[in-house]
Each structure stands twice: as C-alpha cells, then as structure tokens.
Amino acid sequence: MTDIMDGDPPCMVAHDYLEQNAVQPIRECYPSGSVSLYVPARKIRALFEDKPLGLTVESLFLCPCRRCTRDGGLVEKRSDCFNERRRPQELKGEYALIYALLIHVLRPGLIQMFQKYEIKLEGTKYLSDVDFDNLRHREKIVDLGVVQRKVLDGQYSFLVRTLRPASDIVFIPAKELLPIKEDAELKGEGTFAEVRCFEFQDEDYRSRDFGPVRSPTG
Ligand SMILES: [Zn+2]
C-alpha cells in the first residue's frame, strides 16, 4: 500500500486511498447508465478527519507536486489561503465530496476555485455544465473541458443520495447510483413502473425516517 512515507505526493496517496475504498454495489435491476462504483461518504470523512496514511487536510491542500502547484499556486500562497476564513472546516464539511472528487480526477489544486464560486456536491444537487460557466469565463484553468467532463461523470460515485420515505413518486435519474439491493421477485405492476421491494446495502444512505434498523434475527 502506498503511504506518505514512500515519497508519493499527498494528493496521490489520497487518490489511492479513494480507489482502495470504492465499493461496488450489488446490482440486478439497475438502469444500465448508472455508475458501477461509489466511495462511501464515511470513507471520505475519514480521509479528511482521521489522518489515514499520515494525511491531513492541510498536507493535501499544501501538496507540493507539480500539478497541485500549477492548479493551486505556490505552496506559500496556498498556506496563507489555508488559514483564511473557515477553510479547514469547509474542506472537511460542505466541500468534502467535491474535494474528494477533484482528488480522484487528479486536480485537487483546483479546490480553491470551486470554493470561490461555491461549486459543491450536497444533498441531491448534482452539477451540470452551467455550474462551470464562471470557471470557463473568469478563470484560466488548464484543460478545464477535461476536468468538467470527469467531474460530471464522476459525481455519481461521490454524491449518493440518502433515501427517504416519500408519499409521492420521486424521479431519480438513471445515472444515479443507489446502494440498495432490489428484490428479484416482482411485487406488482404500477401505472408507471414495476414495483419491487429492496434492502439497503449501506445504512449510511438510509434515512432515519424509515424507522430503526432491524437486526438480522428480528
Ligand atoms: Zn499534488
């Protein structure tokens, strides 16, 4: 396993950590367009809070590698930015998912730009092309088109919606991944679709509104 002692830059160590912690959900009835892997939010929180492999948010933000310097500026300049505002809290909180995604696409040095224009992944807010307008028109970012495509494709592996009970029909785009396992047995045919039961594969994405988790014996 790579770790910070091997001499790899912090952004690459974090990149490998995310790859190692990606999960492949069991899928039987999924639409074919959905992504095949996701990184559980608790693993992303752990990356920024538990110092796995010796990494800290600060060491990531101040990664001295060539790519991070090109995208984020000189380390001294970034060091001043890191201590500004509520940056460490923001990186561990509302910007954690987009930061992890930028690490995954090997462009974490761009996180300051994403914070500047408040581009983040939260709740069920997925990004689209218009979210990149400010970056395109106001900033000079190397290969922005590539970043945009990778972020738009990769976001479903990082932002997974928490499922809540709903009294009405909820439309979920085919690209979204849901960590559930559908019951192969068809429960019925509704006006709009087939009806199936499901189990949660990952309790992190199960709303408490569904009631307490039943033990396997209960
Ligand atoms: Zn780096």
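Author: A residue is called buried if 20 or more other C-beta atoms, placed from the backbone, lie within 10 Å of its own, exposed if 12 or fewer do, and partly exposed in between. The structure above is a predicted model, in which local features need pLDDT of at least 70 and side-chain atom pairs count only at pLDDT 80 or more, while totals for chains, interfaces and linings use all residues. Residues are numbered from 1 along each chain as its sequence is written.

Reader: Which helices and strands does the protein have, and in what pattern do they follow along the sequence?

Author: The protein has 10 helices and two strands, where helices (H or I, at least four residues) and strands (E, at least two) are DSSP runs numbered from the N terminus. Read along the sequence, the pattern is α-α-α-α-α-α-α-α-α-α-β-β. Of the 218 residues in the protein, 24% are buried, and the C-alpha atoms fill a box of roughly 60 × 40 × 30 Å along the principal axes.

Reader: Why is phenylalanine 48 called buried?

Author: Phenylalanine 48 has 21 other C-beta atoms within 10 Å, and because the limit is 20 or more, this residue counts as buried. Phenylalanine 48 is found in helix 2 (residues 41-49). Leaving aside neighbours within four places in sequence, phenylalanine 48 is in contact (C-beta atoms within 7 Å) with Val57, Leu91, Lys92 and Ala96. The C-alpha atoms of phenylalanine 48 and alanine 100 are separated by 9.2 Å, although the two residues are 52 apart along the chain.

Reader: What makes helix 1 roughly perpendicular to helix 7?

Author: Helix 1 (residues 10-20) and helix 7 (residues 96-104) pack at an angle of about 100°, with their axes 8 Å apart. Such axes are lines fitted to C-alpha atoms, for helices over the stretch in contact, and angles run from 0 to 180 degrees between N-to-C directions. Angles under 35 degrees count as roughly parallel, over 145 as roughly antiparallel, 65 to 115 as roughly perpendicular and the rest as oblique, so the pair of helix 1 and helix 7 is roughly perpendicular. Here Cys11, Ala14, His15 and Leu18 in helix 1 meet Ala100, Ile103 and His104 in helix 7.

Reader: How do you know that helix 2 and helix 7 are perpendicular or parallel to each other?

Author: The axes of helix 2 and helix 7 cross at roughly 85° and come within 10 Å, and these two helices are therefore roughly perpendicular to each other. In this pair, Ile44, Arg45, Leu47 and Phe48 in helix 2 meet Ala96, Leu97 and Ala100 in helix 7.

Reader: What makes up the largest nonpolar core?

Author: A nonpolar core is a set of buried Ala, Val, Leu, Ile, Met, Phe, Trp, Tyr and Cys residues joined through C-beta atoms within 7 Å. The largest one has 39 residues, and Ala14, Ala96, Leu97, Ile98, Tyr99, Ala100 and Leu101 are those with the most contacts inside it. Two or more residues come from each of helix 1, helix 2, helix 3 (57-61), helix 7, helix 8 (111-116) and helix 10 (144-154), and helix 7 gives the largest share, eight residues. Alanine 14, neighbours within four places in sequence left aside, is in contact with Leu47, Leu55, Leu60 and Ile103.

Reader: How do you know that strand 1 and strand 2 pair, and how do they run?

Author: Two strands pair if DSSP finds at least two bridges between them, and six bridges join strand 1 to strand 2 (residues 194-200), which run antiparallel. In one of these strands, strand 2, phenylalanine 198 is the bridge partner of glutamate 182. Four residues lie between strand 1 and strand 2, which form a hairpin. Strand 1 (residues 180-189) is hardly covered, with one buried residue among its 10.

Technical notes: Two residues are in contact if their C-beta atoms, placed from the backbone, lie within 7 Å.
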